[in-house]
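Here are my notes on the model, point by point. Please keep the structure open while you read.

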Number of protein chains: 2
Amino acid sequence: MKDSGRPIGVFDSGLGGLTVFKALRRLLPGEDLIYFGDTARVPYGTKSPEAVVAFSKEIAAFLFEKKIKLLVVACNTASSLALDAVRGISPVPVLGVIVPGVEAALKAAPRGGRILVTGTSATVRSRAYSRALAAAGRGVSVVEKACPLFVPLVEEGWCSKPVAAAVAREYLAPFRKKKIDALILGCTHYPMLKKVISRVMGPRTRIVDSAHAAALCARAELEGRGLLNPGRGGRSEFIVSDAPERFSVLARRLLGIRTGKVTVKRF
Amino acid sequence: MKDSGRPIGVFDSGLGGLTVFKALRRLLPGEDLIYFGDTARVPYGTKSPEAVVAFSKEIAAFLFEKKIKLLVVACNTASSLALDAVRGISPVPVLGVIVPGVEAALKAAPRGGRILVTGTSATVRSRAYSRALAAAGRGVSVVEKACPLFVPLVEEGWCSKPVAAAVAREYLAPFRKKKIDALILGCTHYPMLKKVISRVMGPRTRIVDSAHAAALCARAELEGRGLLNPGRGGRSEFIVSDAPERFSVLARRLLGIRTGKVTVKRF
């Protein structure tokens with residue numbers, strides 16, 4: 001098989017990474033995509049760095065066997081904690097979602113502006129976003145806030161219920177008066193709460209979603225290496241470590257994605 | 001070692017089972033207790049029956065190596081889905097939390113009364129409570145309601161925040177007018193939300209917590225087999241599959257339990 005004809009691997013702790021999958025599908029209609037959701041061990045955001053590294057390497061090794069040409073780590077927690085470890089065992093380029101999110105935020109915030117990073121407890125504890133934003137040397141100031149209830153809220157399908165607004169206020173109302181220029185949705189589930197979050201933060205704050213930015217990075221990476229598969233008709237394959245029916249139902253309900261048959265790979 | 005001197009094993013998907021641990025500790029001060037929390041794979045409530053059975057058998061086998069004399073499955077989801085499977089491989093008696101919870105509810109509700117069972121999605125889907133209540137032949141009518149946000153709400157330490165009341169109303173307000181005699185807290189995390197739940201349901205509804213009932217069953221089982229270790233000074237040991245510091249902090253914050261050193265066993 002020509003290298004450009006090989007699939008792109010994408011993985012996440014569960015179904016949140018489907019926001020990245022959707023952006024990839026839109027931007028790269030000719031590519032075959034293999035999505036892996038670690039639904040047996042979801043969520044990653046409350047687990048230890050050691051566990052997240054071990055799970056990520058296991059999944060990456062499984063996807064390498066599928067002869068992928070590029071690996072996209074669509075989970076912010078895994079991108080924060082396990083990117084180097086995965087790169088260390090990878091025969092192909094590996095992209096995370098942190099750097100694309102940071103680039104998008106720096107476009108949205110002025111030099112010296114204020115950026116609020118939201119994410120899981122593990123992502124915030126890792127300080128991966130703060131470090132990447134500091135490294136960009138644009139003099140922005142950064143605050144980070146863990147919002148662990150957002151993932152189960154999304155998975156419950158409650159994004160437009162009053163209770164979603166109540167949870168968002170609980171986490172974010174204290175930041176409303178702090179002149180935040182950009183808020184990074186530092187977890188792939190959070191774009192599904194974008195409206196609610198935007199309402200709490202007010203019109204001053206731009207809400208930055210790294211899914212589209214990550215897909216742009218993936219396209220640039222493939223172009224740069226001559227690995228792009230142009231055209232249309234790329235296939236999509238979905239693999240999970242548990243509960244394929246639930247994954248399929250939620251993919252459709254939350255993101256309008258029709259998965260077809262979802263296969264199971266247990267570790 | 002005399003058989004009565006051997007420890008009791010207790011396991012849960014995470015830290016919710018500590019409500020059962022606490023009841024055991026209170027009722028059986030002379031017993032050595034080994035608690036295992038599967039924090040690498042928590043929560044179980046959204047996972048498939050196959051996964052819950054596999055995880056439960058793995059943990060049980062690990063606890064059998066510790067020469068336990070009794071195994072208490074403190075997780076409602078595992079009790080609903082994996083009790084027979086664990087008994088099938090167990091050299092010692094195995095108790096779950098469903099039957100004790102049912103017995104307590106039948107004491108709280110009149111013959112022909114109405115019982116509402118709350119629990120995780122997996123517990124409710126299993127219909128384990130409905131079947132056990134029907135088998136008791138007391139003519140009660142049963143409704144079941146999955147409340148998947150309750151576990152993360154508890155783990156966030158938000159039990160007395162207004163948002164906890166908002167979530168409880170979202171799940172339970174439709175049942176308030178339905179003359180519920182007893183509500184079973186069918187998940188070991190839920191006792192920590194007892195006040196909030198009681199306020200939504202009103203004074204008519206008795207709230208039934210299976211932790212104490214399960215501890216009573218454990219004592220009766222040990223007495224019946226001549227395995228009770230009387231007296232005081234029993235030791236407590238805590239083992240988790242991930243993130244021992246987080247477990248220790250939450251055990252103290254949510255339940256006032258000082259765990260001391262928590263060891264890690266990864267699968």
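**Notes on the two-chain model**

1. Pro93(A) sits in the loop between helix H3 (76-89) and strand E4 (94-95) of chain A. Helices (H or I, at least four residues) and strands (E, at least two) are DSSP runs, numbered from the N terminus. This is a predicted model: local features need pLDDT of at least 70, side-chain atom pairs count only at pLDDT 80 or more, and totals for chains, interfaces and linings use all residues. Residues are numbered from 1 along each chain as its sequence is written, while chains are lettered from A and ligands numbered from 1 in the order in which they are written.

2. The cut-offs: buried means 20 or more other C-beta atoms within 10 Å of the residue's own, exposed means 12 or fewer, and partly exposed lies in between, with C-beta atoms placed from the backbone. Leaving aside residues up to four places away in sequence, Pro93(A) touches Leu70(A) and Glu221(A). Contact here means that the C-beta atoms of two residues, placed from the backbone, lie within 7 Å. Ile68(A) is 25 residues from Pro93(A) in sequence, and their C-alpha atoms are 9.8 Å apart.

3. Next, helix H1 (residues 18-27) of chain A. Its buried residues are Leu18(A), Thr19(A), Val20(A), Phe21(A), Ala23(A) and Leu24(A). They pack against strands E1 (8-12), E2 (33-37) and E3 (70-73) of chain A, and against helices H10 (210-224) and H11 (244-255) of chain A.

4. Chain A has an open sheet of four strands, in the order E6-E5-E7-E8, with parallel pairing. Two strands pair if DSSP finds at least two bridges between them. Strand E6 (141-146) and strand E8 (206-209) of chain A stand at the edges, each with a single partner strand, so one side of each has no neighbour in the sheet. From one strand to the next, the twist averages 25 degrees.

5. Now the pairings. Strand E5 (residues 114-119) of chain A and E6(A) pair in the parallel sense over six bridges. Arg114(A) stands opposite Ser141(A) in E6(A). Helix H4 (residues 98-108) of chain A packs on the sheet and touches E5, strand E7 (182-185) and E8 of chain A. The direction of H4(A) makes about 160 degrees with that of E8(A); axes are lines fitted to C-alpha atoms, for helices over the stretch in contact, and angles run from 0 to 180 degrees between N-to-C directions.

6. E7(A) and E8(A) run parallel, joined by four bridges. Ala182(A) has Arg206(A) as its bridge partner in E8(A). The chain crosses from E7(A) through helix H9 (residues 194-201) of chain A to E8(A) in a right-handed β-α-β crossover. Right-handed means that, with the strands pointing away from the viewer, the path from the first strand over the helix to the second runs clockwise.

7. Finally, the interface. How many residues of chain A are in contact with chain B? There are 17, in contact with 17 residues of chain B. Helix H7 (150-155) and helix H8 (162-176) of chain A each supply at least two residues of this side of chain A. H8(A) gives the most, with four residues.
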